[in-house]
Amino acid sequence: MSSLLSRLFVLVAAAMLPAIAIQAYNEIDLRRTRQVEVRDEALGRAKLAAAEQQQIVQGVHQALIALSEHPAIKAKDADGCNIYLSRIKERYPGFISFDVVDINGSRICDTSSDHKPTTAAGRAYFAHVLKTGEFTVGEFAISRVTGSKALHFALPFYDDEGHMGGVVIAALSLDWLADYIAEMDVPEGAALAITDRNGIVLARYPGNALFVGKKSPARRDPILDNGTVADMAGIDGVRRIVGFAAAGQDLLVSYGLGRAQTFAKMERRTQRDVLFIALSTLIVLVLTVWGGQRFIQRPFAQLVDAANRWRLGDFARRMDIRDNSEIARVAGAFNAMADALKHREHELFEAKEKAEEAAAQITMIFESTTDSVLIIDQNWRISYLNGQAWSQIAEGRDLIGINLSDVFPQVAEMDDLLSQLREAMSEQRPVFAEAFCTLKNIWYAISAFPSSQGLAVFVRDITDHKLALEERRLIEEQFHQSQKMESVGQLTGGVAHDFNNLLTVIAANLELIQVNDDIGKARQSAAAALRAVDRGAKVTAQLLAFSRRQVLNPRPVNANQLVCQFQGLVRHAVGEACQVKLQTDEGLWLCHVDPALLETALLNLAVNARDAMPDGGVLEIEMRNIVVDAGAVAGCLPGSYVRLSVRDTGCGMPPEVRDRVFEPFFTTKEVGKGTGLGLSMVYGFVRQSGGHITIETAPGKGTTVALYLPRATQKPDAEIEDIQPEAIPAGSERILVVEDNFDLLDLTSAMLTKSGYQVRCARNGAEALQLLSGEEFDLLLSDIVMPNGINGIELAREARRLNRRIKVLLACGYAGDVLERHQAVGEFPIIDKPFRMSELAARLRSMLHEG
């Protein structure tokens, strides 16, 4: 019953709300009206004050006009002008000074006693009056003569010929202006202020000494804010209703009325009205409580007692209220409801039996499926498990009433699964997911179907399916790996072919040096051999460096000395468009590296930097000592290092390129301009030397590659090998030599010619066919692998077709599957590269003498 009385209490209170709202509206309307009156009053007072200030400005203007017409001023008579200005200053004590300056700002005459030379140049008002030629009101300023706060007024004067002769300046004392506005009728709590066009306070009442010269928080413009009103906090932090009025175009007068003083009377009236409304409301509510208990609470107590009996199943209880009131009619309705409830109870009993039968059928379906079935209520607790779930998931545990997250504690990403299930329940849509149980090493497929009662979750073991997918993935990876190895094999074959050509050139040139008496030809042969040696060493170093299998010859190296000696080659490599800067350290430690490979690494980095700066830039090489602590540089072991940094101002690299720059054969250059081995060689050399390498780069920010070279600890020993010469057999037959390597072709031709043979040369299969068609040869010596057209096998077969008596010897550095592809295994004799010239001569002599 207390709840019913409370509602009645609230209803009566709500009925009184309109009267309270009307009274509140009247108060608000009265306050709004008063606020409009205050705003109008503030603006009116501001306009009156602005009018007075405008009169002062007009008075100053008229005074300056009179001064500008005085003969002594127009003639720039300093003595007469000083006397006249002194008399004027005595008449106007509110001014600090009167000055007359020429158009350069230099003083002609003034009211000071010592007449020290000063200048008005640099003052904003002076520049304005020269520009416009009009009367100008200045800004807040400190007088250069007296040091007092002043407001300057300026007007130009003209000589008899109409040319501007200078400017008459009057400096009004802001202290006088503050005293002037203090004498105005400013009520308590109000504030009157005058600001210049920049919002600087020129005078204020009250508190002039505290705020003059400071920036007003209003920061209003005299032109734009003339006639406006704002409710704001002033410079003293007190909130007022402020009216703004302009005094001309340069000064703004603000007049603020204090809110507390303005609305004090209204606040007292509002408090009285609120008290009256509260007393009236209290009386009405007391009467309401008394009437509710007498006419409502007691009859309803009987209704509640009868309802409780019916709730307990006693439908025989009836209410007996004998009058014509509304409650009596309600009692009659309750008695009729009791009869209906008795009949409804019988129907519910029959419906319950049918529902139990349907539940048994659903349970039989769940028990017959091979999936584990769980029913989860809206509190995420398990309310049912089928037999499969009891055996596979519960495993003897009683999971009824257990939270779902506690059932699968070992399932990876359980939080994501629960999140999906919550979305399924909230959005009433099915969800399907997979989860892995680490404890049982089992994959589950989980399907959840929501209803108003919770979720039906079906769990199926899909481990075999997952294993099959993983096996397929591994097979695909193996296939991709085999393709990669095939590509690497093809590249290795090509490198082996080129390298064997280089070795052949080296061996042949050295043999020619041994047997040649002509020192000029010997030197040419030695130069060709050295070129081949350099190229072969570079290929070998690059291939072995990125695999970290090259044989190093480390020794203590002074990186300062090495780089300084090597900088000439670096400057030549990067070209004149790039500026090279060296930063050395006099106390640099010795580093333990192979000096030749360090030079190669530095050259590779310089060339890469050059390619990153096609329009020129700065290449900076820096050496310094560094001690790396554990974890300071990712991947670098703690210890002492010499850090060699190569920094460029080039285009930089995006993250996807930066992450792959050390991969073998990866390059962003055009075909034929890069092998992709340069940075791989640098990486392999540094890592094999026990150091570390880092790279910092970003698009448009340049690139910095830092080599951490270990501090020197030991010195290596050098070894020298001797090569013994061999005799070269001679002959006189005609031989056609076919080789796509020009050095090897020239070398072989020279050796065979020196041995007495008649040699013709061809650089490819097409040239060789032309020679074979027009001339006869005793022997064909041809390389097997030749690009762009006919290879050695096809050429040999065509030569045999043209001349059945011709002998054929094929040279092979790396033939790969060429012999098998052309079904030429065993068809022709083959000499393997690299071969010595003596070996080749002996082989030719043997074939030609076979008959």
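Visitor: What makes H20 and H21 a contact?

Guide: Contact means heavy atoms within 4.5 Å. On that basis Gly765, Ala768, Leu769, Leu772 and Ser773 in H20 meet Leu795, Glu798, Ala799 and Leu802 in H21. By class this contact has 6 nonpolar, 2 polar and 1 charged residues; Ala, Val, Leu, Ile, Met, Phe, Trp, Tyr, Cys and Pro count as nonpolar, Asp, Glu, Lys and Arg as charged, and the others, Gly among them, as polar. This is a predicted model, in which local features need pLDDT of at least 70, side-chain atom pairs count only at pLDDT 80 or more, and totals for chains, interfaces and linings use all residues. Residues are numbered from 1 along each chain as its sequence is written, and side-chain values use heavy atoms, with hydrogens and water left out.

Visitor: Why are H20 and H21 called roughly parallel?

Guide: Helix H20 (residues 765–774) and helix H21 (residues 792–802) pack at about 10 degrees, their axes 10 Å apart. Angles run from 0 to 180 degrees between N-to-C directions, with axes fitted to C-alpha atoms, for helices over the stretch in contact. Angles under 35 degrees count as roughly parallel, over 145 as roughly antiparallel, 65 to 115 as roughly perpendicular and the rest as oblique, so H20 and H21 are roughly parallel.

Visitor: How do you know that S25 and S26 pair?

Guide: Two strands pair if DSSP finds at least two bridges between them. Strand S25 (residues 779–783) and strand S26 (residues 807–812) have 5 bridges, in the parallel sense. Leu781 stands opposite Leu809 in S26.

Visitor: What makes S24 and S27 edge strands?

Guide: The open sheet has the order S24-S23-S25-S26-S27. S24 (758–762) and S27 (830–832) each have a single partner strand, so one side of each is left without a neighbour in the sheet.

Methods: Helices (H or I, at least four residues) and strands (E, at least two) are DSSP runs, numbered from the N terminus.
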